[in-house]
Amino acid sequence: MSNVVEVRNLRVDAKSDSGRTVEIIRDVSFDIAEGEIVALIGESGSGKTTIALTLMGYTRPGCRIVGGNVTLTGQEISNLPERKRARKRGTEVSYVPQSAAASFNPAHKIMDQVIEVTKIHRLMPIDEARRKAVELFKALALPEPDTIGDRYPHQVSGGQLQRLSAAMALIGDPKLVIFDEPTTALDVTTQIEVLRAFKSVMKKGAIAGVYVSHDLAVVAQIADRIIVLRNGEIQEVGRTQDILQRPQHPYTRELLEAFEPAPHARVADRRDEPEMPLLAVKDIVAGYGKVDEGGNPSVKVINKVSFELHRGKNLGIIGESGCGKSTLARVIAGILPAAQGEVLLEGKPLDRDLRKRSRNDLRALQIVFQSADTALNPAKSIADILARPLTFYHGMSGQRREARIDQLLDMVHLPRSLRHRRPTELSGGQKQRINLARALAADAKLILCDEITSALDTVVAAAILELLKELQRELSLSYLFISHDLSTVKAICDEVAVMYAGEKIEQLSPDIMGSEAGHPYSRLLFSSVPKLDTGWLDSLEQDPRVLQAYSRR
Amino acid sequence: MNSPILNLVAERIVVAVVTLLFVAFTIFFATEMLPGDVAEILLGQAATPEAVAGLRAAMNLDQPAFLRFIYWIGNLFTGDLGVSYVNKMPISDLIGGRLVNSLKLASVTAAISVPIALTLGITAAILRGTFYDRIVSIFTIAVISVPEFMVATLSVIVFAVYLGWLPALSMANEVTSIGGLLKVFAMPVITLSFVISAQMIRMTRAAVLETLSTAYVEMALLKGASRRRMVLRHALPNALGPIVNAVALSLSYLLGGVIIVETIFNYPGIAKLMLDAVSTRDLPLIQSCAMIFCLGYLLLITIADLVAIVSNPRLQ
Amino acid sequence: MTTSLSLSNTQKARPRRFGYRISVVGAVSFLIIAAWALVAVFAPYIAPHPVGDIVDFDFFGPMSAQFPLGTDYLGRDMLSRILLGARYTVGISLAAVCLACFCGVTLGMAAAVIGGWFDRVLSRMLDALTSIPSKILALVIVAAVGTSIPILIVTLAVIYTPGCYRFARALAVNINTMDYVTVARARGEGLGYLIRSEILPGIIGPVLADFGLRFVFIVLLLSSMSFLGLGVQPPFADWGALVKENIGGLSFAAPAVVFPSIAIATLTISVNLLIDNLPQKIRDRSEQ
């Protein structure tokens with residue numbers, strides 16, 4: 001069997017902003033056989049997208065192939081002139097981007113963009129191209145395949161756009177399709193649809209594929225082989241089954257372990273008598289725009305949500321994007337004042353607007369955000385960032401404050417020498433630790449964690465979860481843990497509230513987050529989370545009526 | 001449900017009208033800050049108190065400033081621009097022919113510089129980083145860094161003094177033939193074209209470069225599209241709004257630029273009229289001229305915004 | 001995505017603080033600006049002839065050893081007049097740009113942080129002010145209140161405040177959406193702290209670059225006004241007024257018309273080039 005792709009000793013350099021040249025791909029070699037789907041797995045910075053793009057003879061601005069060769073269908077592509085490379089793109093190798101929403105031109109209709117490849121390369125008459133596109137739309141299970149092409153990109157949903165971009169990639173009958181994290185931006189329930197569609201068209205056409213992803217479970221469903229990358233180097237190559245069950249390289253093992261964090265060891269309820277909850281939220285209604293007389297905002301994001309959280313316990317809030325979970329955190333913190341309902345901290349009602357809350361109430365309730373990059377002021381040193389809450393809440397200064405900063409850095413397991421650094425010089429995981437340290441500096445009783453591990457690589461996220469647990473044991477903290485990722489929530493929470501479209505659907509223990517969970521939406525959500533099992537997608541059965549009722553694709 | 005386009009268009013027009021009112025207010029009260037009594041100034045030192053009082057009543061000067069503002073606005077809408085303090089002629093007569101002269105100058109300049117500037121701006125963006133791009137960039141940075149009168153004086157030195165092709169001064173009333181017209185217009189138009197082209201080239205180049213760095217242009221490249229197709233089919237339609245905006249802003253610069261150019265070349269346009277009015281402190285004439293300039297600016301900007309709204313496919 | 005992230009990884013290794021390269025063009029521009037600043041301060045000591053004195057019997061004299069830049073329409077030494085003119089051009093413009101930027105940036109940050117009605121009304125009013133073309137507004141103000149150096153400074157500042165405001169507000173609005181500002185707000189910090197300590201450090205780089213650009217605009221407008229006879233009044237003269245005085249020499253390209261223009265051009269082009277060659281790090285600090 002001949003190979004569609006042969007990569008030998010590939011090396012790519014990148015020029016950083018300061019003008020330094022850095023090698024980002026080091027001596028990478030692999031093959032892809034006809035009809036075979038190979039996954040490139042790695043964390044951010046591993047070079048997986050860069051490698052995938054070199055297969056099209058393309059490097060992003062600032063990057064350059066400096067060594068080795070890339071052979072596509074028997075022809076060396078890395079030293080072809082630009083025009084000849086362009087002739088291969090779309091016809092022999094094509095690309096499905098991570099964000100279809102950004103990759104569709106807002107100025108043209110979808111159909112024109114899908115069949116553009118046939119126009120550029122003069123492959124077939126327009127009518128035939130349109131017919132073929134509609135066939136592909138049907139094969140990709142898109143709704144209204146005959147007319148969806150007449151719409152503009154902003155008129156269809158993200159999941160549909162992602163499948164439409166697959167149609168765009170397949171229209172020129174390529175030998176190889178590159179999928180660049182095509183489902184990362186989608187919700188889990190949508191991801192299943194899209195993955196299924198991709199898998200079926202690829203198998204039917206026996207097309208070779210490269211699937212770039214950071215998510216082992218997703219890759220397990222679609223790839224024949226997996227290449228594990230780290231810092232631009234191949235760590236391990238193997239058949240999907242082997243990588244999942246018999247990983248050889250320690251880094252692969254680390255990745256697999258991080259995938260399923262140890263479940264939370266829950267503290268048993270020792271007292272039976274009802275205790276005053278640390279945080280109680282009662283019938284919260286919140287949103288944006290003008291609030292009418294009945295207390296309803298013009299755009300309602302949260303509708304009548306209530307829950308209680310007891311001292312030393314953790315409550316998880318899960319749901320898909322747009323369900324209002326992050327808004328809920330902002331309402332509790334008073335950043336977005338609620339329109340109705342009340343928030344009680346240790347039985348004492350808090351003002352809806354944080355500006356009217358007392359400094360002591362503000363101190364007790366701290367919030368930590370998802371993106372560590374934007375949560376730390378790049379103009380300040382770590383010491384300054386940690387010093388401010390100490391001064392602000394506790395009036396500390398001088399030696400005492402410096403000592404406390406060192407102590408806080410110790411608590412989050414960061415070296416004290418970091419205190420003089422600026423946030424941009426820290427890694428993502430280190431930044432998130434500083435974020436936590438800042439909340440700890442306030443001596444908070446309750447920390448609202450808004451997707452704090454979502455932007456981190458799996459291994460780093462697992463370490464942050466461990467830190468959270470450790471801090472909880474030492475400081476008897478409580479967390480309100482907001483996430484879209486079920487395994488993360490499972491790892492840290494005593495109770496989980498499921499949200500959908502601004503409402504709390506139900507609250508349950510994470511142990512029973514599975515088949516017997518009460519509400520059909522919860523079951524749908526839980527069953528949609530990919531598992532590290534190659535047969536999971538094929539054997540998955542979901543109730544089509546529930547899918548219909550709760551899909552907003 | 002109403003079309004979102006119509007709503008946006010209506011909103012934009014309302015904003016323009018409100019802005020115009022605010023501008024009128026600012027101009028009116030800025031000129032009202034003039035120390036001294038207008039009636040006394042007009043009648044001179046020998047005026048009797050009765051005559052001053054009579055003129056004050058006739059000019060509504062005895063009424064509160066805000067009321068006078070309302071009268072003034074009302075008169076503007078009915079086309080009554082008032083009477084010049086200096087030569088007692090109706091202002092509409094003074095402005096009429098001068099405005100036409102200025103509009104001629106502006107339209108000839110626009111007709112020449114817009115196509116040239118857009119071509120240069122777009123090609124510089126396509127050929128980014130090349131020698132050609134660098135030359136264009138240096139030229140534009142040099143022109144926008146110097147005052148208009150320097151462009152004008154340099155043109156005179158080059159074309160009139162050294163080359164002797166063109167006369168240094170224009171006199172629109174002497175025009176008898178096409179050749180004469182060309183000679184009269186040449187120097188002012190050359191100067192103004194340089195000044196506004198530089199702005200337009202810079203902004204157009206920036207607008208096209210921005211769309212060229214989007215994900216959908218990269219996608220077009222990965223479909224095998226040629227550079228030409230990437231620019232013409234994928235980048236330009238999306239850069240249209242910013243480009244029209246650049247054109248409008250540059251053309252609005254004409255409004256300020258003509259003051260210098262009309263002065264240097266002694267061109268009988270409205271800007272020269274306004275400048276003369278400033279030196280004689282002829283307030284009604286200054287107010288009227290200023291309002292005309294502001295109206296011109298608002299028209300340009302509003303049209304650009306409307307084009308941007310209509311050309312946005314997300315609103316269709 | 002991956003590419004950009006891997007790039008940011010490499011940034012860790014680069015030398016800290018002043019590790020960026022300084023371009024030749026930028027360095028030369030900086031030297032020219034510094035030279036003009038020194039001239040503005042020490043003009044009376046370095047001028048070869050007293051400014052007001054008629055030193056040549058010939059008017060519009062050519063360049064010579066005695067009068068390196070020729071003489072003006074009265075026979076005064078052009079070099080001395082240009083050196084003294086630097087005081088007015090640089091001084092007035094600098095004062096105006098400082099005033100404009102101070103007001104504009106303070107209001108802009110306040111509008112971004114406070115938001116709501118305050119922001120909307122202020123933005124609308126200042127936007128409306130920009131729809132009066134700058135030269136027209138200058139004419140109107142001069143017609144109304146006359147001209148003197150303090151009035152010129154305030155006029156120029158008023159004309160360029162809306163632009164500063166808009167620029168600073170746009171940057172501050174971006175910073176304001178950053179989580180670290182939300183964190184500070186959730187901590188209970190007041191308006192003063194938010195503006196001074198969280199917003200300002202993030203926008204200071206681009207604001208300084210904008211300061212330079214606006215300085216150029218102000219130099220150009222001041223020169224134009226003086227050229228029209230509405231700026232600095234005789235017996236004093238800035239560079240624009242020098243061109244106006246000597247415009248009679250235009251038809252024979254006298255040095256007296258050319259050199260003041262060249263003086264303006266060297267200053268403004270240098271400032272523009274310096275800003276263009278600033279390290280990206282300073283210009284786009286807000287995007288990091």
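## Where chains A and B meet

Chain A and chain B share 11 residue pairs in polar contact, both residues at pLDDT 80 or more (a pair of N or O atoms within 3.5 Å; within protein, one must be able to donate a hydrogen and the other to accept it, and residues adjacent in sequence count only if both atoms are side-chain atoms). This is a predicted model, where local features need pLDDT of at least 70, side-chain atom pairs count only at pLDDT 80 or more, and totals for chains, interfaces and linings use all residues. Residues are numbered from 1 along each chain as its sequence is written, and side-chain values use heavy atoms, with hydrogens and water left out.

The rule also picks up three salt bridges across this interface (a side-chain nitrogen of Lys or Arg within 4 Å of a carboxyl oxygen of Asp or Glu). In one salt bridge, B:Lys223 meets A:Glu116 at 2.9 Å, N to O.

## How much is buried

The two chains bury about 2100 Å² between them, with 56% of that on carbon and sulfur atoms; buried area is the accessible area (1.4 Å probe) that two parts lose on being put together, summed over both. On the chain A side, A:Pro106, A:Glu116 and A:His154 lose the most area to chain B, together 24% of what that side buries.

As for contacts (heavy atoms within 4.5 Å), chain A puts in 27 residues and chain B 17 residues.

## A sheet in chain A

Chain A also has an open, antiparallel sheet of four strands, in the order 2-1-4-5 (strands are DSSP runs of E, at least two residues, numbered from the N terminus; two strands pair if DSSP finds at least two bridges between them). Its edge strands are strand 2 (21-33) and strand 5 (75-76) of chain A.

Terms used. Chains are lettered from A and ligands numbered from 1 in the order in which they are written.
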